Amino acid sequence: MAEPIKVVVTGAAGQIAYSLLYQIASGEVFGRNQPLILHLLDIAPMMEVLQGVVMELEDCAFSLLSAVVPTTDPEVAFKDVSSAFLVGSMPRKQGMERKDLLSANVRIFKVQGEALDKFAKKDVKVLVVGNPANTNALICAKYAPSIPRENFSAMTRLDQNRAQAQLAGKLQVPVSTIRNVIIWGNHSSTQFPDAASATVTNGGKEEKITNLIQDAAYVQGKFVETVQKRGAAVIAARKMSSAMSAAKAASDHMRDWWCGTAPGSFVSMGVYSDGSYGVPKDIVYSFPVSVSNKKWSIVQNLAVDDNARKMLDATAKELLEEKEEALLVCQD
Ligand code: NAI
């Protein structure tokens, strides 16, 4: 058996963590031969709830789980971690725009960036789930200058999974046969779910989805809107934000980062923009990436038509605005 790695989950008493911890501890993320020590961070008023979660983790009798460390102290939480799931923050409530959350949540990610900088392993892989995820990841990286910026990412995998599910439903095929749907930009309603590169494999033959759905009104209209507004639709129905699906997406994101993507497949991750596809540099923007040896690279030379260009620019504009606001909040 390998040595255990330390993994931190923040917001560990919350609803996403409740589903996520099971997936991590059962080996679905880091592999079925990788023992783990779980560090669970939450705030003081949640410690009793967190103790209940710790009891349940014990009662699951996971063979890979070497130890569980619940804490309110960032030093303990981030000490020597190889992987960080930053989930803890204030969730969006019904009728609330993600922007309203920005000033409350950005401060949390400044503090956690500083703690990662001081205490985590320098090759730690950081996944920001808490909203506004892209801008939180940007701020977290800014306050952790000793850790490479490539080690910070924001979650748009839930949007990707939602997009795959919509296309599978439309084509009446299993969701697993669809790949290479892209989410560009922000994890917000300005994101651009893009089916132009997506394919479906049927009877060993891979075909472009746009050849099978020759309906621009659907691909550029209803499909895009449904994915953009899916989070709000779940909140309207459940009166709480997506949790089970968010946890599954966080597992998918970290697993692909840790274990790599299949040849010819790409996934969407919010990562530091290097200016690819004419996106402004120095914002955390969701791109199609492939992963090998635990390093992501942006997939280049995909077609961007006039409509896509407008969508890519609009979501970039929102991220530039969020960045400006967040930097102001951090100066307070
Ligand atoms: P929740 O309210 O159930 O749990 C959040 C937990 O974070 C609570 O236990 C809270 O005490 C804790 N927390 C607050 N401040 C903290 C701090 N400074 N340090 C550590 N823990 C802290 O919320 P839920 O449903 O688990 O959602 C968590 C976040 O994930 C929200 O920001 C939500 O908007 C976001 N989210 C992101 C998605 C994405 O696709 N990127 C999808 C769905 C949700």
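**Strands, helices and rings**

Modeller: S292 stands opposite K295 in β14. This is a predicted model, where local features need pLDDT of at least 70 and side-chain atom pairs count only at pLDDT 80 or more, while totals for chains, interfaces and linings use all residues. Residues are numbered from 1 along each chain as its sequence is written, and side-chain values use heavy atoms, leaving out hydrogens and water.

Biologist: What makes β13 and β14 a pair of strands?

Modeller: Two strands pair if DSSP finds at least two bridges between them. β13 and β14 have four, in the antiparallel sense, so they pair by that rule. They form a hairpin with two residues between them, and N293 in the turn has a positive phi of about 50°. Strands (E, at least two residues) and helices (H or I, at least four) are DSSP runs, numbered from the N terminus.

Biologist: Which other strand pairs with β13, and over how many bridges?

Modeller: That is β12 (residues 267-272), which runs antiparallel to β13 and is joined to it by six bridges. Within this pairing, V271 has Y285 in β13 as its bridge partner.

Biologist: Why are β7 and β11 called edge strands?

Modeller: The open sheet runs in the order β7-β10-β11, with antiparallel pairing. β7 (178-179) and β11 (205-208) each have a single partner strand, so one side of each lacks a neighbour in the sheet. Two bridges join β7 to β10 (residues 199-202), and I178 has V200 in β10 as its bridge partner.

Biologist: What makes Y22 and F62 an edge-to-face pair?

Modeller: The structure holds seven aromatic pairs. For Y22 and F62, the centres are 5.4 Å apart and the planes make an angle of 65°. Rings of Phe, Tyr and Trp (its six-membered ring) pair with centres within 6.5 Å; planes under 30 degrees apart count as stacked, over 60 as edge-to-face and the rest as tilted, so this pair is edge-to-face. Y22 lies in helix α1 (residues 15-25) and F62 in the loop between α2 and β3, 40 residues apart.

Biologist: How are the rings of W184 and F287 arranged?

Modeller: They are edge-to-face too, at 6.3 Å centre to centre and 75° between the planes. W184 sits in strand β8 and F287 in β13, 103 residues apart. Both W184 and F287 are buried, and seven of the nine residues of β13 are buried. Ring pairs link W184, Y277, Y285 and F287 into a cluster.

Biologist: How are α6 and α10 oriented to each other, and why is it called that?

Modeller: The axes of α6 (residues 157-171) and α10 (residues 244-259) come within 8 Å and cross at roughly 105°. Axes are lines fitted to C-alpha atoms, for helices over the stretch in contact, and angles run from 0 to 180 degrees between N-to-C directions. Under 35 degrees is roughly parallel, over 145 roughly antiparallel, 65 to 115 roughly perpendicular and the rest oblique. α6 and α10 are therefore roughly perpendicular.

Biologist: Which residues of α6 meet α10?

Modeller: R157, L158 and N161 do, and their partners in α10 include S245, K248 and D252; contact means heavy atoms within 4.5 Å.

Notes: Buried < 20%, exposed > 50% of the residue type's maximum accessible area, 1.4 Å probe, protein only.
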